[in-house]
Amino acid sequence: MIDAIVSLWTAQPEWLRATVVSLAQILVITITVILCVAYMTFAERKIIGYMQRRIGPNRVGPYGLLQPFADVIKLLIKEVVVPARSNRFLFIVAPLLTLTTAFGAWAVISLWPGFAVADVDAGVLYVLALAGFGAYGIILAGWATNSKYAFLGAMRSAAQIVAYEIAMGFALVGVVMAAGSLNFGKIVAAQSGGPGSWYWLWLFPLMVVYFIAGVAETNRAPFDVAEGESEIVAGFHVEYSGIAFALFFLAEYANMILIAALSATFFLGGWLSPFEGYPVVGGIGWLAAPGLHWLVLKTCFFLFCFLWFRATFPRYRYDQIMRLGWKVFIPVTLVWLCVEAALWIFEAGPWAA
């Protein structure tokens, strides 16, 4: 039976086999990200509950582990109400566009040595281009509903995203300068040599700016003024319900996981082991070996920071958020790019001979 399947597979044209393999990889990654999003909501409620001396969800399934599926079923069976005077086509397209950008970036991320669904040399540019499309989904959602509340929330959110995308872009320029490549696999490989060779050390201000700007771009607390329920009735998705609202919810958490994975890739060595180069673990091969598990652990660290921020900081005023983006983060990144250029000229840091 197995031999027959192998013979049938090898008899297929090369292009067909490559297409089937790529589709299988896309399907596996998509399902994995969706499951991670589901249990990210569960982890958020449990972790913040522990921080606030609460129990969190514990009724549905053992230890509450089936709570995400209960939430999905609830949203699926709720009616999707389309406002009578809205643009029906754009009303439906907006959440799909937001979700597509959140999942599309995973195509170029290097998950373990030598593997990416699309190992392109312009991976960083591809991610930046997709990040810009996320703002279009939010603007369309606010405009298509024909609601002043939703439109106000969309404009606030779009202005915030643009402000922090500029800072994120400048931070990535520093990473590209250090690695000398736009390819994710090569960026990770350029950080080999142990934690001292990762870019968090030499590009620490850029790492802080990139991650905090990522928190702001995903509209997470304390930058969630676009969804401030007490201010503008839930923001740009105020008219959405049921599965349409769930798509925005899914995109927000998928973007959180994406920002955490990108931060781990750019500044913490991605799939590289933190024990690389240490002779004390030389006899324990799996500790020093690179792999997906290291990327997952580093991503979980940044995801925990997302939840930690939400449980710790109060919501900022809108003028404070915009001032931080335009008057603090952008100047900091520009100054550190000049510092990095000086390190390159004098062959220090990542460019040391």
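Predicted model: local features only at pLDDT ≥ 70, side-chain atom pairs only at ≥ 80, totals over all residues.
View A. Glu44 forms a salt bridge with Arg220, and the closest N and O atoms of the two are 2.3 Å apart. Glu44 belongs to helix 2 (residues 14–51), whereas Arg220 sits in the loop between helix 9 (204–217) and helix 10 (229–232), so the pair ties together parts that are 176 residues apart in sequence. Arg220 also counts as buried, with a relative accessibility of 3%. Glu44 and Arg220 are linked with Glu252 and Arg310 in a network of salt bridges.

View B. The side chains of Arg45 and Asp71 meet in a salt bridge, with 3.2 Å from N to O. Because Arg45 lies in helix 2 and Asp71 in helix 3 (residues 67–77), the pair ties together parts that are 26 residues apart in sequence. Arg45 is partly exposed, with a relative accessible area of 37%, and Asp71 counts as partly exposed at 22% relative accessibility.

**View C. The salt bridge of Arg317 and Asp319.** Here the side chains of Arg317 and Asp319 meet in a salt bridge, at 2.9 Å from N to O. Arg317 counts as partly exposed, having a relative accessibility of 48%, and Asp319 is partly exposed too, its relative accessible area being 36%. The count of salt bridges in the model comes to nine.

**View D. The crossing of helix 6 and helix 9.** The axes of helix 6 (residues 148–179) and helix 9 come within 9 Å and cross at roughly 150°. Helix 6 and helix 9 are therefore roughly antiparallel to each other, since angles over 145 degrees count as roughly antiparallel. The crossing in which helix 6 passes helix 9 is left-handed. Among the residues that meet here are Gln160, Tyr164, Met168 and Leu172 in helix 6, and Leu206, Val209, Tyr210 and Ala213 in helix 9.

View E. Thr101 lies in helix 4, which spans residues 88–104, and Thr101 is buried, with a relative accessible area of 8%. The side chain of Thr101 reaches the backbone oxygen of Thr98 at 2.8 Å. When neighbours within four places in sequence are left aside, Thr101 is in contact with Leu130, Phe133 and Gly134.

View F. Most residues other than glycine have a negative phi, and most peptide bonds are trans. A cis peptide bond, with omega of about 5°, joins Ala221 and Pro222, and Pro222 has its place in the loop between helix 9 and helix 10. Arg53, in the loop between helix 2 and helix 3, has a positive phi near 60° although Arg53 is a residue other than glycine, and Arg53 counts as exposed at 81% relative accessibility. Asn146, found in the loop between helix 5 (123–144) and helix 6, is likewise a residue other than glycine with a positive phi, near 60°, while its relative accessibility of 43% counts as partly exposed.

Note on methods. Residues numbered from 1 in each chain as written. Heavy atoms only, no water. Helix = DSSP H or I, 4+ residues; strand = E, 2+ residues; numbered from the N terminus. Buried < 20%, exposed > 50% of the residue type's maximum accessible area, 1.4 Å probe, protein only. Polar contact = N/O pair within 3.5 Å; in protein donor to acceptor, adjacent residues only side chain to side chain. Contact = heavy atoms within 4.5 Å. Salt bridge = Lys/Arg side-chain N within 4 Å of Asp/Glu carboxyl O. Axes fitted to C-alpha atoms, helices over the stretch in contact; angles between N-to-C directions. Parallel < 35°, antiparallel > 145°, perpendicular 65-115°, else oblique. Left-handed = near helix turned anticlockwise from the far one by under 90°.
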